Amino acid sequence: MRLAPALLLLALALPGRAASDAALVVHADQTGPVINRNLYGQFSEHLGRGIYEGIWVGPDSPIPNTRGIRNDVLAALRALHLPVLRWPGGCFADEYHWRNGIGPRANRPAMINTHWGGVVEDNAFGTHEFMDLVDLLGCDAYICGNVGSGSVQEMMEWVEYLTSDADSPLTRLRRANGRAEPWRVKYFGVGNESWGCGGAMTPEYYADNFRRYNTFIKNYDPHRPIERIACGAAGDDYHWTEVLMQRAADRMTGLSLHFYTLPSGDWGKPKGPATGFDEAAWFATLRGTLYMDELVTRHSVIMDRYDPARRVGLIVDEWGTWYDPEPGSRPGFLYQQNTLRDAVVAALNLHIFQQHADRVRMANIAQTVNVLQAMILTDGEKMLLTPTYHVFEMFKVHQGATAVPLTLTTPEYRLGDHAIPAVSASASRDAAGRLHLSLVNTNPHAPVEVGCRLAGPHAAQVSGRILTAATMDAHNTFAAPNAVHPAEFSAARLQGDQLGVILPPMSVVMLEL
Ligand code: AHR
């Protein structure tokens, strides 16, 4: 579709000539599902410098902290309106024994973190510290229990210790450890990657184990039952979803899905560096990210057969980019830089989750600080916000808003034999009636002119912010922490029900109407 002549003139008056155009109808007269806030959830594991140094520095640290939790990271995460945090793993969860992480820290037994660098874990950050963190963040707790190497009794007792108000030996222990009131644990995961690091189980065996462990997760507060999340598939393992839904759907509130974006798309091949990559890697990473849409669609189709009312949520509780670790860092620590490419990956994934908001109820990017596609990187007392952080901050207006349907016609961004859509878009209306439209241009060379028609209530004004940079691997460093930062966006013009937008190459834009 070409732009209406008046709008075209308007668009051409904007800086930069667009190489191609896209057409978008914003059906503001229609409503889609509510975008669950939890799509903006996060995941923090005992892995590398994710918890230790990244979040927990201890109360005696010279780094300013609140009861051991660093204040700069707390403030940065609060600004994201973080809705839910998953902990303690990941693969670590199926080796974690919660009793080692309570009581006086000096007396806590240590263990070896066999998955992540073989380091000694001293259990300084345990149940009380995590629940303090979620209280300080004002978010919900999503605790992942140990099925792989833990007993039913151990899991049952953890839930009692956390959430019971009775006068029992366990709740007396909790009180002796400084917490009188039970905590609210809204989400409890029954094992992690039980098909792999969580026990190498078959789906049939896991489904039986899910039923068994789940039976002993008691709702001590009947008014606030715990939402139970079953371990779901790795990527395209549709058989896993089929078996879990067939055998246990009635006992779960969520079924998880894990999918990481690897530039090569193949765990057997080198992943490639986080910075200093070429256009082929940029393209492959974005193309690989878009595969999330097929995964979510196909898992949802299976879930629909067993749960047509869509009571069970699809919980994408691990997603994000996974590159080679930074040179010089410990390989098992999964520390990687974060560039404009990661910002675009984040925006594309969040758009996909929002498009499937009727089934996808939670997503948790891996991971919050210093691990994989992090929001925040730290170096001793220094901290920086990554391009991915800025996307989460710009997109927070979508949290809890009502999705607005879109019809998008987009040019392709082509490289070699493959093509992906140049434009991705998502819109929502918030409680105050404001419309938010987020747009992505995946093409690193060409701007895209987007001609939008706003169907329904008229908008009076438009404002916006943009995240972009001059190079594909632009990133923030401790020496230059604001190299990639949102800026005011002025290349959007509103005229009646027509909105013209020029998206610069490789950009993420958030408009408010
Ligand atoms: O996020 C890193 C690891 O990736 C998690 O521990 C595991 O669940 C997944 O394989």
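The structure holds 24 salt bridges, a salt bridge being a side-chain nitrogen of Lys or Arg within 4 Å of a carboxyl oxygen of Asp or Glu. Before we look at some of them, note that this is a predicted model, in which local features need pLDDT of at least 70 and side-chain atom pairs count only at pLDDT 80 or more, while totals for chains, interfaces and linings use all residues. Residues are numbered from 1 along each chain as its sequence is written, and side-chain values use heavy atoms, with hydrogens and water left out.

One of the salt bridges joins Glu-129 and Arg-105, at 3.0 Å from N to O. Glu-129 lies in helix α3 and Arg-105 in the loop between β5 and β6 (111-113), so this pair ties together parts that are 24 residues apart in sequence. Helices (H or I, at least four residues) and strands (E, at least two) are DSSP runs, numbered from the N terminus. Glu-129 is buried at 5% relative accessibility, whereas Arg-105 is partly exposed at 37%; buried means under 20% relative accessible area, exposed over 50%, and partly exposed in between (1.4 Å probe, protein chains only). Another salt bridge links Arg-172 to Asp-167 at 2.9 Å, N to O. Here Arg-172 is partly exposed, with a relative accessible area of 46%, and Asp-167 is exposed at 59%.

Helix α3 (residues 127-137) also packs against helix α2 (residues 71-78), at an angle of about 50 degrees and with the axes 9 Å apart. Axes are lines fitted to C-alpha atoms, for helices over the stretch in contact, and angles run from 0 to 180 degrees between N-to-C directions. The two helices α2 and α3 are therefore oblique to each other; angles under 35 degrees count as roughly parallel, over 145 as roughly antiparallel, 65 to 115 as roughly perpendicular and the rest as oblique. Leu-74, Leu-77 and Arg-78 of α2 meet Leu-133, Leu-136 and Leu-137 of α3, where contact means heavy atoms within 4.5 Å.

Now to the barrel. Eight strands close into it in the order β2-β5-β8-β9-β10-β11-β12-β13, with parallel pairing; two strands pair if DSSP finds at least two bridges between them. Neighbouring strands of this sheet are turned by 30 degrees against each other on average, direction ignored. Helix α4 (residues 152-163) packs on the sheet, touching β5 (84-87), β8 (140-145) and β9, and its direction makes about 160 degrees with that of β8. Strands β12 (residues 313-321) and β13 (residues 360-366) pair over four bridges, and Trp-319 has Ile-365 in β13 as its bridge partner.

What lies in the loop between β9 (187-190) and α6 (203-215)? Glu-193 has its place there. Glu-193 is buried yet has no salt bridge, and the nearest side chain of opposite charge, Arg-86, is 6.9 Å away; Lys and Arg count as positive and Asp and Glu as negative, while His and the chain ends are not counted. Not counting residues up to four places away in sequence, Glu-193 touches Cys-91, Gly-198, Gly-199, Cys-231, His-258 and Glu-318.

A second sheet is open, with six strands in the order β16-β20-β21-β27-β23-β24 and antiparallel pairing. Its edge strands are β16 (402-404) and β24 (487-488), each pairing on one side only. Helix α10 (residues 387-395) lies across β21, β23 and β27 (507-512), running at about 165 degrees to β23. Within β21 (residues 435-441) sits Leu-439, which is buried at 0% relative accessible area. Its C-alpha atom is 8.4 Å from that of Ala-347, 92 residues apart along the chain.
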